[in-house]
Amino acid sequence: MDSSIDIQILDQALSIDQCYDYVIHESCGGICLFVGTVRNHNKGEDVKYLEFESYKSMAIKEIHKICLIAKEQFHTQSIAVHHRLGHVEITEKAVIIAVSTVHRKNAFQACEFIIDKLKKTVPIWKREFLENGSYWVNATP
Amino acid sequence: MKVLCFGIARDIAGASEIKITTEEVQSVSQLRRYLEEQFPKFQSINQYMVAINEAYAEDTTEIKSSDHIAIIPPVSGG
């Protein structure tokens, strides 16, 4: 694992402070934080809560690959990616991405790059619980 | 060989791990064929991937019985 990258997949509430503190650096003029939160609706249905599961060992490797590309492309100083597992209530944090860079533009771009890639390739699955039942998001046509 | 199942794949297989004893499964495409025969609902989900030793594999990738194999249905993290 690259020493400027912190990846955690956690069963407990995520900490913005922990991610922020990890990436703060005296050479950097910008820190960008993205926080993905659980919303109360999707596709016209009321969502009650979510459950996340992951193939944890592979998920950490895949997030690490994404972070290494971001480091190369956007010259990041440090990156923290924390993702939640298990039962997550509405408004709780599902994912935090924190990036520090010398200048702000790279921090914004790296943050967006990482969340977009994470959603495509990292083996983490979201089950949405509605009023009447539940389903795996993206699983069926 | 053992195959880990996550998300909707676990629901379809009815277990988080399935054991395959047949010698017929020696590549990812043969694994797909086997799964879709044993559990026809695999044909009804969106494109799923197969991971070998914690990395995405191609259909032509060979499988050894000692490999760590996992079914990766469409991901939805974040």
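The points below comment on a predicted model of chains A and B.

1. Confidence. The model is a prediction, and its overall scores are ipTM 0.95 and pTM 0.96. For chain B the mean pLDDT is 95, with 100% of the residues of that chain reaching 70 or more.

2. The interface. On the side of chain A, 25 residues are in contact with 17 residues of chain B. The elements of chain A that each supply at least two residues of this side are strand E4 (45-54), H2, strand E7 (93-101), helix H3 (104-121) and strand E8 (124-130); H3(A) gives the most, with 4 residues. By residue class, the side of chain A that touches chain B divides into 15 nonpolar, 6 polar and 4 charged residues.

3. The surroundings of Ile71(B). If neighbours within four places in sequence are left aside, Ile71(B) is in contact with Val3(B), Cys5(B), Phe6(B), Ala9(B), Tyr48(B) and Val50(B). Two of the contacts named there, Val3(B) and Cys5(B), can be read together with the pairing of strand E1 (residues 2-5) of chain B with strand E5 (residues 69-72) of chain B, which run parallel and are joined by 3 bridges. Within that pairing, Val3(B) stands opposite Ile69(B) of E5(B).

4. The sheet of chain B. An open sheet of 5 strands is formed in chain B, in the order E2-E1-E5-E3-E4, and its pairing is mixed. Strand E2 (17-19) and strand E4 (55-56) of chain B stand at the edges with a single partner strand each, and therefore one side of each is left without a neighbour in the sheet.

5. A helix with one buried face. Helix H2 (residues 28-38) of chain B has Val28(B), Leu31(B) and Leu35(B) as buried residues. Viewed down the axis of H2(B), the buried residues fall within an arc of 55°, so they line one face of the helix. Strand E3 (49-52) of chain B is included in what covers the buried residues of H2(B).

6. Strand E5 of chain A. This strand (residues 78-84) is mostly covered, with 7 of its 7 residues buried. The burial concerns both faces of E5(A): Ser78(A), Ala80(A), His82(A) and Arg84(A) are buried on one side, and Ile79(A), Val81(A) and His83(A) on the other. A reader checking the model may wish to note that the buried residues of E5(A) include Arg84(A), His82(A) and His83(A).

7. The partners of E5(A). Strand E1 (residues 5-10) of chain A runs parallel to E5(A) and is joined to that strand by 6 bridges, with Leu10(A) standing opposite Arg84(A). E7(A) also pairs with E5(A), in the antiparallel sense and over 6 bridges; there Ser100(A) is the bridge partner of Ser78(A).

8. Backbone angles in two loops. His75(A), which is not a glycine, has a positive phi of about 55°, and its place is in the loop between H2 and E5 of chain A. Asn53(B), likewise not a glycine, has a positive phi of about 50° and lies in the loop between E3 and E4 of chain B. His75(A) counts as partly exposed because 13 other C-beta atoms lie within 10 Å, and Asn53(B) is partly exposed with 13 such atoms within 10 Å.

9. A loop glycine in chain A. Gly29(A) is found in the loop between helix H1 (16-23) and strand E2 (30-37) of chain A, and Gly29(A) is exposed, because 11 other C-beta atoms lie within 10 Å. Although Gly29(A) and Thr101(A) are 72 residues apart in sequence, their C-alpha atoms are 6.6 Å apart in space. Not counting residues up to four places away in sequence, Gly29(A) touches Val102(A), His103(A) and Arg104(A).

Notes:
Residues are numbered from 1 along each chain as its sequence is written. Chains are lettered from A and ligands numbered from 1 in the order in which they are written. This is a predicted model: local features need pLDDT of at least 70, side-chain atom pairs count only at pLDDT 80 or more; totals for chains, interfaces and linings use all residues. Two strands pair if DSSP finds at least two bridges between them. A residue is buried if 20 or more other C-beta atoms lie within 10 Å of its own, exposed if 12 or fewer, and partly exposed in between; C-beta atoms are placed from the backbone. Two residues are in contact if their C-beta atoms, placed from the backbone, lie within 7 Å. pLDDT is the predictor's confidence in each residue, from 0 to 100. Ala, Val, Leu, Ile, Met, Phe, Trp, Tyr, Cys and Pro count as nonpolar, Asp, Glu, Lys and Arg as charged, and the others, Gly among them, as polar. The arc is that of the directions from the helix axis to the C-beta atoms.
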